[in-house]
Amino acid sequence: MTVTLDQSLCGGCGNCATVAGAVFELDPVTHVARVLVENPDSADLEAATDAEEECPFGAISVG
Amino acid sequence: MTSDVVSKCPYTGATITADDLEGYDPLDRGQGLDPEPWMSVARWAKPVFYMEAVGQWCVTRGAEVGEVLRDPETFSSADAVTISPLALERMPDGYFLEDAIAAVDPPQHTAMRKFASRFFTARQSESLVSFVTELADRLIDEFVDRGEVDLATEFCQHIPIQVVATMLEVDSARARDLYEWAVNGLMLQSEPNLSDPVRIEHAVETQRQFFDFITGLMAERRDTPERADLITTLVHARSDDGTPSLTEREVVGIVANVLSAGADTAATTIANCLLTLLERRELWERMVADPDLIPRALEETLRHRPPFRMVPRTVTKSVELGGVQFEQGDRLLLHVHSAHRDAALFQDAGEFRLDRENPKDHMGFGKGIHYCIGAPVARMEMRTAMERLVARIPSLRLSPRSAPEYVTGIVVMPIRDGLFVEWDVEAAAR
């Protein structure tokens, strides 16, 4: 399972970094989210899936 | 050649040019409700201009509004809440909404938001669908036999505050008080020039009651650590070393923020959506025929008639924005309504359309780190409330006495009353 994030859609709210801090981070300069771990292990993968669900901009996909 | 860009005041018929923008008064009822004659000139000729009436700068284009919202270091949310100095004088401990999540910067903001965010997830909000369905049905039961009602006061205004009350596990009988306190607080933040002593006295008194109620809840929840609601979680949150994670002021700020943000904006959006659909009744017919269009109609309402009108920010360092040089301490108001009418962001921006390719590209919930934490809950409650009205009263139409009134404010313009509608009682699902 691979985590991808479309930075052109990202609204910079940081929800993903709150829900799955090991997988996502909000860039402190650009304020755009980025993926830290593309193929997370099972616990982090579950968090990444939650982040996909909680992203208000539909920028994250896990699959 | 900025003076070539002109528009017409809809009230006086006078020509508006870039030179007239300084005189734009967002607290004037007409200009506040329909800012486009001024903003359409500003976006072309003077995208960032000074508003004499409120002593702050107006940012009108989508590009700059987005840029500011996404740069919290340069454009701070702290100190951006401006209330009348005469009101502040009456608050010896300061105004508690200055500690709202929306009014603080990182890293404090990051910590506060983290505690609150897990109560407002998409999953959490879907679990409240049946509550909102029953609530909407109960409200409709109250008036369905009458054939006419003011939907603003008897429907829209009850939905969000009852949802917040149930989320915070507050007695639903207090919902009306919470609504009044929250709206008075929003208006206090919306009228920095307020000087009428009677209105100041009233506003300050409502905020004292609001504060006392919240601190009362916090005291009560300290004794019941077994509860799982937001307030209990906040007052019992501990750092690794066992000290409280949040200060008393921060907890008050979070709770007051949730209540004030949750009280009106969704109510006004439901009202604005109904108004648009019923003014062009063929749009209402489309909702009746295909209720799956309701979420689209609501997103387009958030764009076309956003409940948050202007968002305040304070400049923290020298920066150029829209051709104007700013210094630390300058105050900006980001005109969300105007940004949403920017042709660079939306085609046919003045039109209400259900077929937009980018229906969610609005800033009705903000953008950046202060993006509305309650957006999933707001979307769910607005959608569910609309679905119940469409299902039960398909013959709904504006009544001849319909005359919606809004409370005029800089930050928000809450629906007050006058959204009178009528229907065929026999055709309604009673």
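## Briefing on a predicted model: strands, helices and cysteines

In β7 of chain B, B:V315 is the bridge partner of B:F75. This is a predicted model, in which local features need pLDDT of at least 70 and side-chain atom pairs count only at pLDDT 80 or more, while totals for chains, interfaces and linings use all residues. Residues are numbered from 1 along each chain as its sequence is written, chains are lettered from A and ligands numbered from 1 in the order in which they are written, and side-chain values use heavy atoms, with hydrogens and water left out. Helices (H or I, at least four residues) and strands (E, at least two) are DSSP runs, numbered from the N terminus.

- Strand β7(B) covers residues 310–315, and six of its six residues are buried, so the strand is largely enclosed by the rest of the structure. Buried here means under 20% relative accessible area, exposed means over 50%, and partly exposed lies in between (1.4 Å probe, protein chains only).
- In a regular strand, side chains alternate between the two faces of the sheet. Both faces of β7(B) are covered, with B:M310, B:P312 and B:T314 buried on one side and B:V311, B:R313 and B:V315 buried on the other.
- Strand β5 (residues 75–76) of chain B is joined to β7(B) by two bridges, and the strands run antiparallel. Two strands count as paired if DSSP finds at least two bridges between them.
- Five bridges join β7(B) to strand β10 (residues 331–335) of chain B, again antiparallel. Here B:R313 stands opposite B:L332.

**A three-stranded sheet in chain B**

- An open sheet of three strands has the order β6-β14-β11, with antiparallel pairing. Its edges are β6 (148–150) and β11 (397–398), each with a single partner strand, so one side of each has no neighbour in the sheet.
- Three bridges link β6(B) to β14 (residues 420–422), and B:E148 stands opposite B:E422.

**Nonpolar core**

- The largest nonpolar core has 128 residues, of which A:F24, B:L151, B:F155, B:L274 and B:W423 touch the most other members. Such a core is a set of buried Ala, Val, Leu, Ile, Met, Phe, Trp, Tyr and Cys residues joined through side-chain atoms within 4.5 Å.
- Not counting residues up to four places away in sequence, B:F155 touches B:A136, B:L139, B:I140, B:F143, B:D150, B:A385 and B:L389. Contact means heavy atoms within 4.5 Å.

**Helices of chain B**

- Helix α18 (residues 375–392) has 18 residues that should span 26 Å at 1.5 Å a residue, and its end C-alpha atoms are 26 Å apart, in agreement. The expected span is 1.5 Å times one less than the number of residues. Of the 18 residues of α18(B), 13 are buried, so the helix is largely enclosed by the rest of the structure.
- Helix α13 (residues 248–263) also matches expectation: its 16 residues should span 22 Å, and the end C-alpha atoms are 22 Å apart. This helix is mostly covered, with 13 of its 16 residues buried.
- B:E299 sits in helix α16 (residues 294–304) and is buried, with a relative accessible area of 6%. Leaving aside neighbours within four places in sequence, B:E299 is in contact with B:P359, B:K360, B:H362 and B:R379.
- The side chains of B:E299 and B:R379 make a polar contact (2.5 Å). A polar contact is a pair of N or O atoms within 3.5 Å; within protein, one must be able to donate a hydrogen and the other to accept it, and residues adjacent in sequence count only if both atoms are side-chain atoms.

**Cysteines**

- Over all chains, the structure holds zero disulfides, where a disulfide is a pair of cysteine sulfur atoms within 2.5 Å.
- A:C10 is in no disulfide, and the nearest cysteine sulfur, that of A:C16, is 6.4 Å away. A:C10 is buried, with a relative accessible area of 9%.
- B:C372 is in no disulfide either, and the nearest cysteine sulfur, that of A:C13, is 11 Å away. B:C372 counts as partly exposed at 27% relative accessibility.

**Backbone points to look at**

- B:P106 and B:P107 are joined by a cis peptide bond, with omega about 5 degrees. B:P107 lies in the loop between α4 (85–88) and α5 (108–117) of chain B.
- A:H31, a residue other than glycine, has a positive phi near 60 degrees. A:H31 is in the loop between β2 (24–26) and β3 (33–35) of chain A and is buried, with a relative accessible area of 7%.
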